[in-house]
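Trainee: Can you walk me through this one? I have some questions.

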Amino acid sequence: MSAAFLEALHREIPGLRLLTDVADRESYRRDETAHHEPGMPLGVALPADTGEVAAIMRLATEHRVAVVPRGAGSGLSGGSAGVDGALTVVMTRLDRVLEIDRGNLVAVVQPGVINADLKAAVAAEGLFYAPDPASYEFCSIGGNIGTNAGGLCCVKYGVTRDAVLSLEVVMADGTVIRTGGRNVKDVAGYSLTHLIVGSQGTLAIVTEATLRLRPAPPPKQTLLAFFPTMDSAGVAVAAMTAAGLEPCTLELMDRQTIAAVDDWHHLGLDREAAALLLVESDRPGEAADVELEQAATACTDAGAASVVRATDPMEADWLRQVRRMAYRAMERLGVARMEDVGAPRAQLPALLAAIERIAAAHEVRCGTFGHAGDGNLHPTFVWDRGDTAAEERAHAACEELYRAAIAMGGTVTGEHGIGAARREFLEEQRGPEAVAVMRAIKKALDPLGILNPGKVV
Ligand SMILES: Cc1cc2nc3c(=O)[nH]c(=O)nc-3n(C[C@H](O)[C@H](O)[C@H](O)COP(=O)(O)OP(=O)(O)OC[C@H]3O[C@@H](n4cnc5c(N)ncnc54)[C@H](O)[C@@H]3O)c2cc1C
């Protein structure tokens, strides 16, 4: 069956780049979810256009072979991880920015475009594409759409879904559809765009996206505050939200993460602090100063030990880089399992307390950082490779953490997705009736279950 499928791909799509060597299949097997054991793909296809993707799906349907859509493979839920016997379809060769339409403030792009490259292309036109995952230098727009990626400036500008106006997608049977156009307002029928964004390659394969742009905001002003306790940092964030401040970045790093970054790059960060907050404002002119003064007051009132302002744009850039390094710095310490829990924003102090309590109770090493302004944190559990007892304790801590997040009205994943790694908690969070509706949608769009099986639902 699988040999016949590979033969059909060769025969019917003669130009298709198709890799079947073990070494090639191995290299596309994993995403960045270190603790998830993936399957081994049957082969890896790198299509060059929509026509090739559609032909792949027609043949996959005919031969009943599963397909795993894949972008840059930086996902943290096993979404693009290999499935035994499935074809992994890597979208990185569809990597062109097709159009920047100033009149309508949209960009039309292929899914393999790297987020940072799109940002640079539109910046050259004085425009701004907002979604900015910390992985923006190496993740793809298709993957961002697949996961509904968040990032550092969602707190002000929203997540990927808020920036997608329309998609061209290939359905499981190879049919190609468009889900919308360039309209800012468009309520004709169900919003297939919104349904497909965040569906992690389980409903359709994205081959083109029409994305919303904004005029470039003014340069950012930056503030850094150091806190003696995690709780005081959480209280400061909650106070900023309650005061109606709209910083474009409101990020947190705890003591373990500060130390990991500082050990790596020797930056002279305050290692005595229990937590730091990075706050940025991109309001015009003096309005940014006013906003950061209000943020500084919230920090001081909550008990910040020190509050400093970046003196120039280079220093501000450097501080943002410090935050972006957090996960890689934790990864240097062992096997890292980055979690992605969230809670309603006013509950941030409670979420931080739960993380500290659970990590201590299970005696696991944990560094926490993340998008505090969104109520979305990345507690990252680390253990020595081969220390199975510590690994089991970390898994138990994660399960307890998921339940704590659900109990406070939060979520087991704010932006990385259910993927393959968190499936058993979907029903616990959403309830069986809601998951049954999701499964009905999946069945209607992919009756044979060939798109990314074993992921999400
Ligand atoms: C250091 C680091 C920092 C990170 N920071 C953030 C962050 O701040 N915010 C955040 O949200 N994430 C973050 N991530 C996670 C990851 O970068 C994002 O989930 C990103 O959106 C994945 O993009 P990708 O191109 O690597 O996709 P992949 O990992 O290849 O795929 C992700 C999912 O999308 C699906 N998919 C990919 N392409 C398509 C397509 N064309 N059509 C349909 N489905 C598709 C896949 O099947 C999979 O389910 C981080 C990861 C790392 C390693």
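Trainee: Which residues form a nonpolar patch on the surface?

Mentor: This is a predicted model, where local features need pLDDT of at least 70, side-chain atom pairs count only at pLDDT 80 or more, and totals for chains, interfaces and linings use all residues. Residues are numbered from 1 along each chain as its sequence is written, and side-chain values use heavy atoms, without hydrogens and water. The patch consists of Tyr190, Leu192, Leu195, Val437 and Ile441, with about 490 Å² of accessible area together (Shrake-Rupley method, 1.4 Å probe, for residues only the protein chains shown count as cover).

Trainee: Which helices supply at least two residues each?

Mentor: Helix H7 (192-196) and helix H16 (432-445). Helices (H or I, at least four residues) and strands (E, at least two) are DSSP runs, numbered from the N terminus.

Trainee: Other topic. How many residues of strand S10 are buried?

Mentor: Seven of the eight in 205-212, so S10 is largely enclosed by the rest of the structure. Buried means under 20% relative accessible area, exposed over 50%, partly exposed in between (1.4 Å probe, protein chains only).

Trainee: Which way do S6 and S10 run, parallel or antiparallel?

Mentor: Antiparallel, with four bridges joining S10 to strand S6 (residues 106-109). Strands pair if DSSP finds at least two bridges between them. Strand S8 (residues 164-170) also pairs with S10 in the antiparallel sense, over six bridges.

Technical notes. Patches are made of residues with over 30% relative accessible area and no salt bridge: like charges are joined within 9 Å, nonpolar side chains (Val, Leu, Ile, Met, Phe, Trp, Tyr) within 5 Å. A salt bridge is a side-chain nitrogen of Lys or Arg within 4 Å of a carboxyl oxygen of Asp or Glu.
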